[in-house]
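Have the sequence and structure open as you read.

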Amino acid sequence: MSDGGTLLSDIPTTTLTRAQRRWRKAYLTIYSTRMMLSLISKSRQESEKSPPRYPVLEIQPTVSQNQVVLNSFDPFVYKTTLRMLENKDLKHLHVLGGVEGVATALGVSSDNGIGGSKDDITRRSQIFGTNSYHKPPPKGFRYFLIGAFKNTAIFILLVWAALALAFGIKQHGVEEGWYEGVSIIVAVLLMVALSAVSNLIEETQSNERKELSINIKVEVVRDARHQQVSLFDLVVGDVVLLRTGDQIPADGLFLKGYRLEVDESSMTGENDFVEVNSNHNPFLLSGTKVVDGYGQMLVVSVGMNTTWGRMMSSIADDQSNEKTQLQARLDKLICSIEKLGFSLAFLVLAYLLFNYFTGKTKDKNGNKEYNGSKTDLDAIFKSVAHILTATVATLVAAILSGLPVAVTLTLAYSMKRMMADQAMVKKLSGYEKMSSATVVCTEKTGILTLKQMKVTEFWLGQESIKKDSRDMVASNVRELFYQAVGLNTTGGVYKPVSGSVPEFSGSPTEKAILSWATQELGMNMEKVKQKYTILQVETFNSDKKRSGVSIRKTDDNTIHVHWKGAAEMILAMCSQYYENNGVTKTIDEDERQKTENMIDSMAAKGLRCIAFAHKKIFKEEMQYNEDGNTHQTLREDDLTLLGIVTLKDPCRPGEKTDVEICKSAGLGIKMITGDNVFTAKAIARECGILQYKAQAKNDEEVVEGKQFRNYTPEDRMEKVDKIRVMARSSPFDKLLMVKCLKEKGHVVVVTGEDNNDAPALKKADIGLWMGIQGCEIAKESSDIVILDDKFTTVATTLKWGRCFNNNIKTFIQFQLTFNIAALVINVVAGFVPGNKIPLTAVQLVWVNIILDTLVALALATERPTDELMKNPPQGHTEPIITNIMWRNLLYQALYQIAVLLILQFVGESIFKVSPEVNGTMVFNTFFLCQVFSFFNARKLEKTNVFRGIHKNKLYLGLMGVAILVQFLKVEILNKFASKERLNWRQWLTCNALGAFTLPIGFIVKFIHVPEKPVLLINSDESVSSTAKRAEEFLTLINENKINLEAPFHIKDYFNALNLRCVERLYGDHGLDMMGILRKNPALALPKFNSSEAVAR
């Protein structure tokens, strides 16, 4: 057969007919399959005589017992294995020897994992590839440069630059005529380059955020040790530990585990959860998520060899083009100002052209400039060129080129500094809302506490076991504790060969209990696992607050059920208890009351009480679910209480101060925990959330989850603001509180880490994910990642949010002062017959480039101050330009308009200077007014604008650079602006007129402004009301209260929505509009479907 196969394969394909090629292909397929079966059979028969050979790889042992070296690799067979995995081909898996056969072929021990040496990992990466997918090339500088040229204002400026260059050369010759035209071209190119650099920074930052978001940590077993590795460092052969909430990082096969259920909707589109087990479905696909249970998987393919990797690489990434609510509002502001500028420029153009061609304008000698056919064509062109100069200058005055740059630079700097402060922004929309936050709903464990748990007390019956636990506990009780701790856990114990201190893995609670059982009770976890077989596992449930396991003892086949969880809940399941001598006693009412009192007294000290219960059952007593033998139901009654341990998790140092800072900033702090109400009260008092002397209010301030959910809707809405602590809460209770707070108009911040927290994180305005031990499902629903799990970082993030908002408002006030003043000055001067425009296009572009860039950099480096946390939160529907800002900028603009118009019309006679020098003084004074105006804008409400300025040396340096560059512009590069130099007296005059904006700014801050917005520019009230109506409507759809068979309901509704509102509803309010349309395609509107925002 082998010779025939060789002979057939050696026949040249060029001499075969089409039919012969088909026969040859069929034969080779059969031949390859038989050879694979033959190899597997032969390898099993000769495994004791010679080194094993497998269909994928050859391996051989090395010095380390757990490490293997890969010798050979058959790409064809491996590709067949990958197809088997993608197609979930169970028969093909059996042909390969099952999961164990694949593991052995990959050189993996299912218990100890791969060797994990550097050479081993490098070799596997070279053979099977890395766990990354091909990404589209990032957009470069050239892409954004081309995009910047598409701006209408830039196009007009370039056209005008070309005309100015032509007119200048014609009028003054090549030697001097090119100054103005080239100046405009250079200035415009600088503006375009600045815009491109700004967009490039934004794109780069967006890509960095995505990289950090997907770079999750994965727990693997290498050389028998549990390790945390980056998702990108995963290799084929790794044994990955999966828990509820984890994202499956690669394609692989199920090794072992219990009740593992996976959400494959991201791959299949089906919402039903899929059970994964060894018998019927051992296949695990990357990109899917674990929704229940836990287990271990063998990584078989990574990166581009997975379906998820290929799918991700084929998706064009347009997320960076999505606009946040702030960016959309700023775009609207820029668009409104530019439209105003275009309108006024058109009026100026029409007015000046009308005056010129009707003979109303006169030259220096008092003669009409236009005399019909008698006027020379060159003179007409020259006059029209001057008119166009005035028009373009008016247009440039309305360009807010610095605003996008300021936002980008401020975001870039603040997010970089936040990373140093242990906070990573995932979604800009959430970060922008931080300044409006009014309530923080925080967890207790790991945020307010250190998450460094330690067993402090051990109770057997009514007796506290202080020391020498092993000797004081009867051997039969001790053996039951070994079962309860060593088998009813998701943690593990690793003992190094060298005999050093054991390493513990798992949650902080699991690690504390495992450490106690190992060191105090002398538990050997490996021996315990060898003595017993796990039959069934009930994973920890946040509603029931317990986990359970049923096991069979190998020696006598006896079956034991163990439960572990919240002490008062486990106690309710027990009818007996063990004493330390091993004797069981009945729990009567008196004993039960004593035990409950003991639990409450421990909880009042801030201790967490965990109880263990046991039940020995016979096979005929085993209970099963409705589906028969699939899952055994664990006994939950008539149990025997083994004992209770108390765990201490100390509060973090300094948390009380941070809580007080947040309170002083007008934020309400609510602690939501699953712990006992007494434990919750103790920790809340220690952290400053509850006051020690406020006992009378405790009934209103502290509730349990069950009590809160049983309130009537009216009572909940009335009491939710008063609640400070919610104990024994479920994920539903947390979500319910967030909904109530949002209905009352609060902007809610929620912290979370578990998959159960995902609904509350998604519903909240700002979701904060705890990054140390949080799961991926919760991470996807969050906006910001807290890398160190500290409440201090939460407070710092709130401070950064307010700083960002304050910096943007500062720049808007500065920018609009400049634009309004320049626009009014040029328009007024343009309507005065025979008068030249005081601020030319070149000068305004110069101010835009120099000042806007340097001011944006100065603002970006402004750090948050404690002063920001003394102000109340900003309303989320508040206009982006507040009454205070209007007051400040209008008075500043009015002063500049008055001073510069006086200089323009009577400056020559006042200062006895030539028109050219007077024009330079106008330009110089305008520039210096903007410099001092920025100092005024530093503090929107405070009178002392220089407070804390010495801490930002870069700020002072950049303002110094701006003045120096302006000096060089006037004194050295004056030809490019068609201006004259100034003497020192004229410089002093310009500085004095500019500096006078400081006392003006000081005085106007004493003028009271109403709280209600007067000018509702960019108010979000209409959007919020539309969002509320849309949310109510979609809720009715989801609750099946609207007939989906009558599509006119939704069509009429969506037709009434403004397209931008739809974009914000979808992007910022998290409404599942696409889900509704996907389920009901007939409801889709052409306008709605064509929206790029909704398509994304």
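Asp721 and Lys744 join their side chains in a salt bridge at 3.0 Å, N to O. A salt bridge here is a side-chain nitrogen of Lys or Arg within 4 Å of a carboxyl oxygen of Asp or Glu. The pair links distant parts of the chain, 23 residues apart: Asp721 is in the loop between helix H26 (713–719) and strand S27 (725–727), and Lys744 in the loop between helix H27 (731–743) and strand S28 (748–752). Helices (H or I, at least four residues) and strands (E, at least two) are DSSP runs, numbered from the N terminus. Asp721 is partly exposed at 29% relative accessibility, and Lys744 is partly exposed at 36%. The cut-offs are under 20% relative accessible area for buried and over 50% for exposed, with partly exposed in between (1.4 Å probe, protein chains only).

Lys742 and Asp765 make a salt bridge too, at 3.9 Å, N to O. Lys742 sits in helix H27 and Asp765 in the loop between helix H28 (758–763) and strand S29 (766–770), so this pair ties together parts 23 residues apart in sequence. Lys742 is partly exposed at 29%, while Asp765 is buried at 16%.

## About the model

This is a predicted model, where local features need pLDDT of at least 70, side-chain atom pairs count only at pLDDT 80 or more, and totals for chains, interfaces and linings use all residues. Residues are numbered from 1 along each chain as its sequence is written, and side-chain values use heavy atoms, leaving out hydrogens and water.

## Strand S17 and its partners

Six of the eight residues in strand S17 (residues 546–553) are buried, so the rest of the structure largely encloses it. S17 pairs antiparallel with strand S16 (residues 532–541) over seven bridges; pairing takes at least two DSSP bridges between strands. Gln536 has Ser550 as its bridge partner. Seven bridges also join S17 to strand S18 (residues 559–566), again antiparallel, with Gly548 opposite Trp563.

The loop between S16 and S17 holds Lys544, which meets Glu636 in a salt bridge (3.8 Å, N to O).
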